[in-house]
Amino acid sequence: MSTSSVSKGCFVFKPSAKKKKTLSLEDHFIHGCEGTENSEMRFKLCQDLWDTIKTDTEVLQDELNRNILDSLLDFTRKCSSTRQHSDWASQMRASEIPTAALVLGVNVPDHDMTFQGLSELLQQSVTPHVASVQAKECGALKHLMKRVLERLMGAVVTVDDEEEEEEVEQTSAQLHNSVHCSLSTLCDWYNTKSKKSYTGTPGKKRSSPVKDDPQQPPLVIIFKDLEAFNPRVLQDFILICSRYIERLPLMFIFGIATSPSTIQHMLPHSVSSLLCIELFQSLSCTQHLATVIDKFILTTHFPFKLNGKVMQVMISIFLYHDFSVRNFIKGVQLALLEHFHSQPLSVLCCKNKEALLNVMQLGHQDLERIRQLPSFKRYIEKQEPQEQVNLSTDDAHIKEVCQRLIKDLHKYHKNYYPILRCLHTLTSSLPRYPLGKQIRELHLICLEKNVWENEEYQSAMRLLKMLAKDELITLLQKCVEILQLAKSKNMTSALVQLEDVLAKFKQLDVVAAEPPPSVEDCITSPVKNLQKKTDLFQLQKALLEMNESRRSKKLSPFEILRNEAIEFIDGLVKSHLSPPESQTLNEVCYYTSSATVRRHLNATPRTSIQTALNSPYYYLQNDRLKTEDGTVSNAAPDICIVYKLHLECGRLINLFDWLEAYATVVSAAEGNNPDFDNFGKVDDVKHARFIRAVSELEFLGFIKSTRQKTDHVARITWGGC
Amino acid sequence: MSALLQQPGYEEERLQTVAEQLPCREVQAGMLLSLMGQPHQYSYPSIFIYGHRSSGKSHVMHVLLKELELPHATVSCVECVSVALLFEQVLLSFFGCDAASLLPRSPSLSDFVRIYRQRCSQSPAKQTRYIVMEKAELLRDTDANLLPALLRLQELVEDNVTIILLTDIVWDKFRPNTGCFEPLLLHFPDYSKGELQQILSQDRHPSYSAELYSAYINILLGVFYSVCRDLRELRHLAALNFSKFCEPLTEGKVKETDTHKLWRNIEPHLKKAMQTVYLREVSSLQWEQMQQMEKKENGALRGLSAHTHVELPYYSKFLLIAAYLASFNPARTDKRFFVKHHGKIRKTNFLKKNEKTSNHLLGPKPFPLDRLLAIFYSVVDSRVAPTASIFSQISSLVTLQLLTQVSHGDQLDAPKYKCAVSMDFICAISRTVNFEIVKYLYDFL
């Protein structure tokens, strides 16, 4: 390093920015990636897919929240407009602070997105003054006040113990000199602000002299998590605000996770009577998930798919643990990344045309990989011997075959989803929901195995065969609508057939006007017989006969047609709803490693600590640590040895015995001769190592000190020997 | 009426207007005036005024000081999150913003006194200055020396200044241990029914006669007087329901004099209002909309407390159930409920003396995390791995205030919790997961 300085001295050289090479996302992706040759392409595909998913979720979120946000916006507008009325009733009325109680459900991680959207919308269409506060930043009234003022006024506030602000307006320089966090400051600020906007747009006032709405935009304060707020702080804040409500058009939005009655739990009547609370209920999170699944999973737009087990893991995390749609999407993102990162053939996981192009560019190694795929092996086995040889040797030929197979896979998806939806519409209204209430349940069943071999499926079909006419027709009508949206050839032909069936049903109406066939006769005759006989045995026989006759009786034309329709649906299901595992090359699109997803999304800290202590090889990957099941090598870290020894003790552990045992093990590890005198002797180093290991165990919560016996520690865990 | 307010040193006309604005509080106003004396005279250093909510304390002070144009500073103690704000407001309203800006960043009481004296010597008081402190009960939570010092501020600053404390509670609850200067006590009694009637009748609707409005107020008080004597609330309710009262009049069905029919019309409506809008189950805006809608359809608007249903993730439900069991069962009975071959334990001789009373009457007891998890694992029907999300669900239940953490948040080792949900709530939750909680509760054996 050189300097331009003439004098001698110490110079500090800061590392130049260029040298510090930051790894881009792509580098991270490519690093340690399986099959590096096409990793860049896979990275691009992966990122494109994720970007579309991300933008689409945002759009979806906005759409789902639109209703509730619109009504909220209406409420704010209404509130800010009624404020300006000057009739008798509103003058006499105690001026309450308009408050929207927004019930969002317990999926707290999702709320951020909602509030983000809400405050943006508010800022766009109602008022520029929106402040949102969280409980954790407002422990005391002072802090709450400060946050609110900061966010409303754009950071020109000081609390006593902090730096005073520099930004001082000339007109009110003296006032600002000692600004404190009080609402009167806010009042002054608001007045100057509205005055400014008034003088700034003089034409506006003239054009609308009656309605001066835009001059008085409300100040909206959003409490993101009402439950977590200190009730005392909230009460005081509301009391203060209500003193200023005449001068400041304040408005509150409470974000509530549990139920609206929390408001009454938190605020006494004297405070809640200062509020004018209106309730807004948001969409439930299960509905939200249903739409997300509908949009991203049950569609052909995204070539990337999850297999049954991965879906199961993610859905059960959602239902059992957090109810958070955001986490679900994060899970999808993880699966997506993992898939593209670990599966070299994922280069084919893209839109049909691109995939076909990519097939042509596959290298020899990739083709070998294809040959190794289980599904492809199965495919080869089914071919003629000559073809088998061709497939395993001729690269050009396999490429052609792959193109065809990829096309088939895409076709399969195109047929799968419409038929899945049809089956769901038919079965979702059956009593006891044999195939599940939600489409995701049906989808899971279909992913697992052949749905038609399922017992529930059989019972669903039986129930369908008992449906009344108008019900069946409406259901079939819905199926027609679903099929109309599908574009593949198979689906259009299915559509035509289904419409045919429907037309026949309608024709029945016309035919039904004719007198029904003489079914009655055969039924009435045994009934007549019944009346004659009094013998019990005879009666039983007659009843059995009746039953027989009814079962074998001629089906009405409607019943025939109904069976026909159901058979048709059954046929569709059998030909299109086979599980993806049966498809050749499904590994390209389906992510299967449910264990990875589970490990990443649903961490088990206790299990990993136990694994680390029991078999350090699992994490350290050192060959010396490799041992038989259930034993620990004596070369393992101290804590592992100590842990293993402590498992052999009872509830109370004698520290000295423990130390002796430890010293013996460690001496063996040092390769000392057991016959030596000082074998197993405790020296200072061993003692220190032991103490450290024991205190580490205590820190991890396996033991604690006890007063029951001196020189003993108590075990907190049980198990072991 | 106005004859009651007489005090030399003030203009007759002003006293008249004051008296007009203070119906039913003439006695107290007169008393205050005589305490205050003539403007230039020294007044008693501190006056303590107490009385229930909306018994006119602030109103009387405000009207007196404003109409008689006396120098005063009104401070609400809720608003003063720090004493600095209090000092600043007082200085600001007495000496202008120059004085307020002299205060150092975190001023002490002596700073305040110093600046006050300094300013006061520049502009000595010609009239008594008044400092009115609303919600004075909050002064007890501030520095211990603040209240005693304020009570004898007159001596400290050597100025003609009087502190007036307004509060809901009695002086006995204020008196510091160390003793202090005793202020003059003045009680504002509640308004009687007749007085309420008189006050409320004053703000009549301009387009209706005074008699009609007075009759309306009479009906209103008949319904609400037993539950609410808060003038502000009553006025609010009167305004909300008046349009409904006038409905038959505007439709031309009833004459103004026919009070009985009007009463028949409005009475059930008011009763409904008592259960909904008065309790803030329904907001006043919604109430007004409902009145307009009612002719078309009788849409039952559900109040806030009607929405008690909370949707929780599956394991959270079981965690909550386990927490409830841990809170309301004695720890010794866990063996009986959750171990398979527990043997018979007779309730009677198993009981300790203090456990004989229902645990539900005593309220939830704290329990350690270990016990919660142990019960959780035996209650939940499938095998659950002890994953991180189970633990995070516990803490999210705490933020949702369904559980409360008893031990301090810093204590990582063996935290303790309490279950904060009601019996009805937990029953509803356990019904959704087909768990018969009553079978596991010791109180219901």
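UniProt positions are given here in the numbering used for this model, feature names are shortened, and annotations may be inferred rather than shown by experiment. The model is predicted: local features need pLDDT of at least 70, side-chain atom pairs count only at pLDDT 80 or more, and totals for chains, interfaces and linings use all residues. Residues are numbered from 1 along each chain as its sequence is written, and chains are lettered from A and ligands numbered from 1 in the order in which they are written.

Let's start with chain B. An unreviewed UniProt entry lists residues 213-280 of chain B as "domain: ORC5 lid". Over residues 213-280 of chain B, the chain is 74% helix and 0% strand, with the end C-alpha atoms 25 Å apart. Helices (H or I, at least four residues) and strands (E, at least two) are DSSP runs, numbered from the N terminus.

Next, look at where the chains meet. Two residues are in contact if their C-beta atoms, placed from the backbone, lie within 7 Å. Chain B brings 53 residues to the contact and chain A brings 55 residues. On the side of chain B that touches chain A, α11(B) gives the most, with nine residues.

Now for the sheet in chain A. Five strands form an open sheet in the order β2-β3-β4-β1-β5, with parallel pairing; two strands pair if DSSP finds at least two bridges between them. Some of its strands are listed here.

| Strand | Residues |
|---|---|
| β2 (chain A) | 130-133 |
| β3 (chain A) | 219-223 |
| β5 (chain A) | 275-281 |

β2(A) and β3(A) pair over four bridges, and A:Val133 stands opposite A:Phe223 in β3(A).
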